[in-house]
Amino acid sequence: MLTGAAAVGAAAVGAAGVVGVEGRSEAATADTEREPVELTWFGTHAWQIRCGKSVVLTDPWLTRFHTGTFTPEGADPKTKLVIDRNVIDRHLGTADAILVHHAHYDHMADVPYVAEKTQATVVCTETHANLLRAMKTPDDLLSPVRGGEYFPFEGFTIEVFPSLHSCGGKRHDYAYPGYRYSVPPRPRVIEDLVEGGTLAFVITIGGLRILSLSTANFDPNALRDLQVDVVFAAPGGEPGITDRLLRTIKPVKKVIATHWDDFDKPLTEPGVPWTDLTPLRTSVEKTGAEFVLLDHLQQITL
């Protein structure tokens, strides 16, 4: 079910030649007693997962200030961090949990404001927590983890898995690596938000199990034979990495593309892919799974 801005977004995405939503998977319809789960995409890896009164947010970055990330020159590491409270307030209300997958600016820059606004529990690594403390996030909202944790909340559960950031280029590296073992000076520019360890999460809500990956990479030992209904999967990374992912976990029925848009572009406009999505779609569909692409502010109910 597509609602709100979905009709406009789906039409725009379709016009651009990108695959749209192709209906519901069997996992979403097999149990008629299951509560519906509404997924809303705010670009990058910012998802709102809602079931009844329960709300989970993943990497809620909505400000989308200009960085030059997808230009030939790449991002300017001295780009100042900005939080646009108005755009956040326009789209986000309540939340019970905020899942931080890694600490790069396009994942964590808005978390201090969102956490204080919602009073949600922030699940993150110790490095993420130290960076958030430096950004004046209340310490009692932070729940540092390493992977392996299982957290029951009212209405849903969270399982935490160690994961890996995608690598690329000649040296198979990524931007702004590093850790913070104590609270640093307040981050001011995007290079101050180092990766700080990457996590994956399984959210079980409304009878649905969702594997949330913020980059194309993953830890195969952590996810081997994992059973889920839905996967958030990103394009990019090393060749064939989505094929490896879908061989590592048990067969899945639905894969939803994430982190595919040029996030220098406005959230109010249709998403512009930063890379060709065909390899991701091909990897998904050759397993028999359904490939789903949502546009900015678009919702799907499973």
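**Pockets, strands and rings in a predicted model**

The largest pocket has a lining of 28 residues, and those nearest its centre are Thr69, Phe70, His165, Tyr174 and Ala175. Sorted by class, the residues lining the largest pocket are 12 nonpolar, 14 polar and 2 charged. Spaces of this kind are found by calculation: a probe the size of a water molecule, rolled over the atoms, shows where empty space is left.

The second largest pocket has a volume of about 280 Å³. It is lined by 13 residues, and Ile83, Arg85, Pro112, Met135 and Arg186 are the ones nearest its centre. Helix 5 (residues 111-118) gives the largest share of this lining, 3 residues. The lining of the second largest pocket has 8 nonpolar and 5 charged residues, with no polar residue.

Ring pairs join Phe70 with Trp61, Phe65, Tyr105, Phe263 and Trp274 in a cluster. To describe a pair of aromatic rings, one gives the distance of the centres and the angle of the planes.

In total the structure has 12 aromatic pairs. In one of them, the ring centres of tryptophan 47 and phenylalanine 232 are 4.3 Å apart and the planes meet at 10°; planes under 30 degrees apart count as stacked, so this pair is stacked. Tryptophan 47 is in strand 2 (residues 47-51) and phenylalanine 232 is in strand 11 (residues 230-233), so the pair ties together parts that lie 185 residues apart in sequence. Are these two residues buried or exposed? A residue is called buried if its relative accessible area is under 20%. Tryptophan 47 has a relative accessibility of 1% and therefore counts as buried. Phenylalanine 232, at 0%, is buried too.

Strand 2 pairs with strand 1 (residues 38-41) in the antiparallel sense, over 4 bridges. Within this pairing, glutamine 48 of strand 2 has threonine 40 opposite it. The two strands form a hairpin with 5 residues between them, where glycine 43 has a positive phi near 80°.

Strand 2 also pairs with strand 3, again in the antiparallel sense, over 5 bridges. Here glutamine 48 has leucine 57 of strand 3 as its bridge partner, while isoleucine 49 stands opposite valine 56. Strands 2 and 3 make a hairpin as well, with 2 residues between them, and glycine 52 in the turn has a positive phi of about 60°.

How many residues of strand 3 (residues 54-58) are buried? The count is 5 of 5, so the strand is largely enclosed by the rest of the structure. In a regular strand the side chains alternate between the two faces of the sheet. In strand 3, Ser54, Val56 and Thr58 are on one side and Val55 and Leu57 on the other, and with all of them buried both faces are covered.

Strand 3 has a further partner in strand 4 (residues 97-99), and these two pair in the parallel sense over 3 bridges. Threonine 58 has leucine 99 of strand 4 as its bridge partner. The chain forms a right-handed β-α-β unit from strand 3, helix 3 (residues 85-91) and strand 4.

The last stop is the backbone in two loops. Most residues other than glycine have a negative phi. Lysine 136 is not a glycine, yet its phi is positive, at about 70°. This residue is in the loop between helix 6 (126-134) and strand 6 (142-144). A residue over 50% relative accessible area is called exposed, so lysine 136, at 61%, counts as exposed.

Histidine 172 is another residue other than glycine with a positive phi, near 55°. Its place is the loop between strand 8 (156-163) and strand 9 (198-205). With a relative accessibility of 48%, histidine 172 counts as partly exposed.

Notes:
Residues numbered from 1 in each chain as written. Heavy atoms only, no water. Phe/Tyr/Trp six-rings, centres within 6.5 Å; stacked < 30°, edge-to-face > 60°. Buried < 20%, exposed > 50% of the residue type's maximum accessible area, 1.4 Å probe, protein only. Pairing = 2+ DSSP bridges. Right-handed = clockwise from strand over helix to strand, strands pointing away. 1 Å grid on protein atoms, 1.4 Å probe; cavity = no way out; pocket = protein on both sides within 12 Å on 5 of 7 lines; lining within 4 Å. Nonpolar A, V, L, I, M, F, W, Y, C, P; charged D, E, K, R; others polar. Points joined across faces, edges and corners; volume = space filled by probe spheres on them.
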